[in-house]
Amino acid sequence: LLVRGRGSDYLSGWCSSEDVFRALEEPSQAGVDVDVTRYDPSTEKRRTLSDGTISATWARQQLDQGATIRLRQPQDRLPKVQALCRALEGEFGSTVGANAYL
């Protein structure tokens with residue numbers, strides 16, 4: 001879903017960085033719940049940094065160092081995202097899922 005021309009704060013409140021880090025306070029498995037990666041311009045490849053259990057503290061440190069964090073299926077952990085997905089399911093008549101990227 002792409003929304004244009006509604007202003008930078010139009011979707012604010014659905015899922016913030018702090019929401020993602022709060023979600024990572026629950027046990028989170030790399031490759032299942034969350035991915036932490038970094039692009040290496042010298043090799044032009046993405047490198048996966050995460051393996052095993054991911055903590056919110058470690059994920060925040062990696063983000064501060066330029067990594068990308070993808071929280072898979074945030075609707076399972078974040079009620080506002082769940083509400084949005086369920087509303088879209090009602091409109092589209094199909095299952096809706098999400099990923100959250102930082």
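These exercises work through salt bridges in a predicted model.

Residues are numbered from 1 along each chain as its sequence is written. Local features need pLDDT of at least 70, side-chain atom pairs count only at pLDDT 80 or more, totals for chains, interfaces and linings use all residues, and side-chain values use heavy atoms, with hydrogens and water left out.

**Exercise 1.** State how many salt bridges a search of the whole structure finds.

*Solution.* Start with the rule: a salt bridge is a side-chain nitrogen of Lys or Arg within 4 Å of a carboxyl oxygen of Asp or Glu. The search finds six.

**Exercise 2.** Decide whether D19 and R22 are buried or exposed.

*Solution.* Take the cut-offs: buried is under 20% relative accessible area, exposed over 50%, partly exposed in between (1.4 Å probe, protein chains only). D19 has 16%, so D19 is buried. R22 has 51%, so R22 is exposed. The two form a salt bridge, with closest N and O atoms 2.5 Å apart.

**Exercise 3.** Trace the salt bridges around D35.

*Solution.* R72 bridges to D35, with closest N and O atoms 2.9 Å apart. R72 lies in strand β5 (residues 68-72) and D35 in strand β2 (residues 34-40), so the pair ties together parts 37 residues apart in sequence.

Note on methods. Helix = DSSP H or I, 4+ residues; strand = E, 2+ residues; numbered from the N terminus.
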